[in-house]
2 protein chains.
Amino acid sequence: MGMSAIVLGAAAGGGFPQWNCNCDVCRLAWAGDKRVRARTQASLAVSANGKRWALLNASPDLRAQIQSTAALHPGGDRRGSPIDTVVLTGAEIDQTAGLLSLRERSPFSVIATAATHAAIADNPMFAVLAADQVRRRAIAPGERFTLGDGIQAELFMVPGKLPLYLEGQDFNTAPDTASETAANVGVELTDGKARLVYVPGAAAVTPALRQRLSRADAILFDGTLFTDDEMIRTGTGAKAGRRMGHMPIEGPGGTLAALDGLSARCIFVHINNTNPILVDGSPERARVEAAGWEVAWDGMEIVL
Amino acid sequence: MGMSAIVLGAAAGGGFPQWNCNCDVCRLAWAGDKRVRARTQASLAVSANGKRWALLNASPDLRAQIQSTAALHPGGDRRGSPIDTVVLTGAEIDQTAGLLSLRERSPFSVIATAATHAAIADNPMFAVLAADQVRRRAIAPGERFTLGDGIQAELFMVPGKLPLYLEGQDFNTAPDTASETAANVGVELTDGKARLVYVPGAAAVTPALRQRLSRADAILFDGTLFTDDEMIRTGTGAKAGRRMGHMPIEGPGGTLAALDGLSARCIFVHINNTNPILVDGSPERARVEAAGWEVAWDGMEIVL
């Protein structure tokens, strides 16, 4: 078989619906409206052989994601798991808190940039991942590494920002989200034949990023907000998308424009609960589908 | 209405089934055997009016627990939640990690001992709970406090231990679990009529604890392990129950013996994935039921 990926979660931080949100889109989910389906926080499982799996990010919903994904259930031994690696694209809560659900002394590797490892190591709680069981590997952007099942991988810097909890609480200070940083990376994977690129968070598309995406067979890309002022307009937040490190889908400099004309299978992930593309039959869903994009859902499988 | 409680999660740390466990009991759950039902990690929601709710502990499964509990869904406003307080009985992962799922700038209070607040504050990630929205209240054991809906509450020390991640990784050093400490407490609640006591972790029952439980109408008590050597015998761990701060249900000095003859409705919570009381029709389930105990399940409601 070739390389395959399973979307464990397709939603942005907070998930869909979000615990404290009753926006127009969340309200449909709380009411059980058939036009929407609940989605957990963004994570992707990848494998070249269907036996050993790597997770791209460990969301707070990881325990439930493992339960609903047969390929990730433990095997015959008393203790064990098909998960042998977790690759982190940043140290945000929705990218890392799931590591706390991988306690109980099973061996696996955590691969991330030194900046991300340092942000996690500042939190004593992660000592539940016993040092004699869980191997931390710091990988620099651009440095190739191999996953347990032979997949070749590379991290690359993407315009974005530090995790919110490292910004401090001064909401008047806008961080620089235009420049690339090792605090926010994407992942490129290949089994020697197919190529998949995972970018759950991007504040902008640089020429180098566009070039990298142009050689991919499948890309899963930041679909947090449809419009930059979405959270302000829906009364759910005070910040514009780019301020949060996420470029919008629509509008000038949005993702549809910036990634127009790619040959890859293009899929939106990390979708915020306010984003109307979550609603089947919405004009915004029609807009992205007309542009050739798919909207990820929990359990979606991508076989390359 | 009187005071009511909803069991959000009935399982011990790791939940049931546990991500990396294929013990005899977990195997039934992975196989979908009808004799067992999955359980999330221990948490209790309590309310005196059905409108404002307090959570006793915030488990890593909190986001899913809120979704499956209609009483905790957000109301009419754009943003908001019926949850106005979280009371913590310790700083273990399964007691606190769910706080990270209560981010997104909604106001509520976190009530715990100073020791528990300090253990959490050591982790920069919890800064996602904005200081201008989330109020930390340090309450000493024995000090009365009032929940948002008028329930009178008190924390009390229970024999137990520090969180695992504060023990360090030296598994040869057994912590003192015989003495009471502010790092591990129980919660007593009353609406002036009924009295409920929540003790998800106890290494022993002191005379004072037995006396406190004897005046309760309902107790939810540590049901982690059926026998002290359960994890060693099942090949799932190297530690005895008491070493982990949990007295066994069966045997000399076990919970059935220590709490024999109480008039309260007695319910086991915080049940480990290896515990055979999780299996309908098992001899161990029959044993606890014959002793007058119930086995909690996710969604169980206790109306007093």
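A nonpolar core is a set of buried Ala, Val, Leu, Ile, Met, Phe, Trp, Tyr and Cys residues joined through side-chain atoms within 4.5 Å. Keep in mind that this is a predicted model.

The largest nonpolar core here has 60 residues. Those with the most contacts inside it are Val86, Leu99 and Phe108 of chain A, that is A:Val86, A:Leu99 and A:Phe108, along with B:Val86, B:Leu99 and B:Phe108. In soluble globular proteins, nonpolar side chains tend to be buried together.

Take B:Val86. Setting aside residues up to four places away in sequence, B:Val86 touches several others, among them B:Leu55, B:Leu99, B:Phe108 and B:Ile111.

Now the interface. How much area do chain B and chain A bury between them? The value is about 5,300 Å², with 55% of it on carbon and sulfur atoms. Chain A gives 63 residues to the contact, and chain B gives 63 residues.

There are four salt bridges between chain B and chain A. A:Asp24 and B:Arg78 form a salt bridge, with their closest N and O atoms 3.0 Å apart. On chain B, helix 1 (24–30), helix 2 (62–67) and helix 3 (93–96) each supply at least two residues of the side that touches chain A. That side of chain B divides into 27 nonpolar, 23 polar and 13 charged residues.

Last, B:Ser282. This residue lies in the loop between strand 12 (265–269) and helix 9 (283–290) of chain B. B:Ser282 counts as buried because its relative accessible area is 8%, and the cut-off is under 20%. Its side chain reaches the backbone oxygen of B:Val279 at 3.0 Å.

Terms used: Residues are numbered from 1 along each chain as its sequence is written. Chains are lettered from A and ligands numbered from 1 in the order in which they are written. This is a predicted model: local features need pLDDT of at least 70, side-chain atom pairs count only at pLDDT 80 or more; totals for chains, interfaces and linings use all residues. Side-chain values use heavy atoms; hydrogens and water are left out. Contact means heavy atoms within 4.5 Å. Buried area is the accessible area (1.4 Å probe) that two parts lose on being put together, summed over both. A salt bridge is a side-chain nitrogen of Lys or Arg within 4 Å of a carboxyl oxygen of Asp or Glu. Helices (H or I, at least four residues) and strands (E, at least two) are DSSP runs, numbered from the N terminus. Ala, Val, Leu, Ile, Met, Phe, Trp, Tyr, Cys and Pro count as nonpolar, Asp, Glu, Lys and Arg as charged, and the others, Gly among them, as polar. Buried means under 20% relative accessible area, exposed over 50%, partly exposed in between (1.4 Å probe, protein chains only). A polar contact is a pair of N or O atoms within 3.5 Å; within protein, one must be able to donate a hydrogen and the other to accept it, and residues adjacent in sequence count only if both atoms are side-chain atoms.
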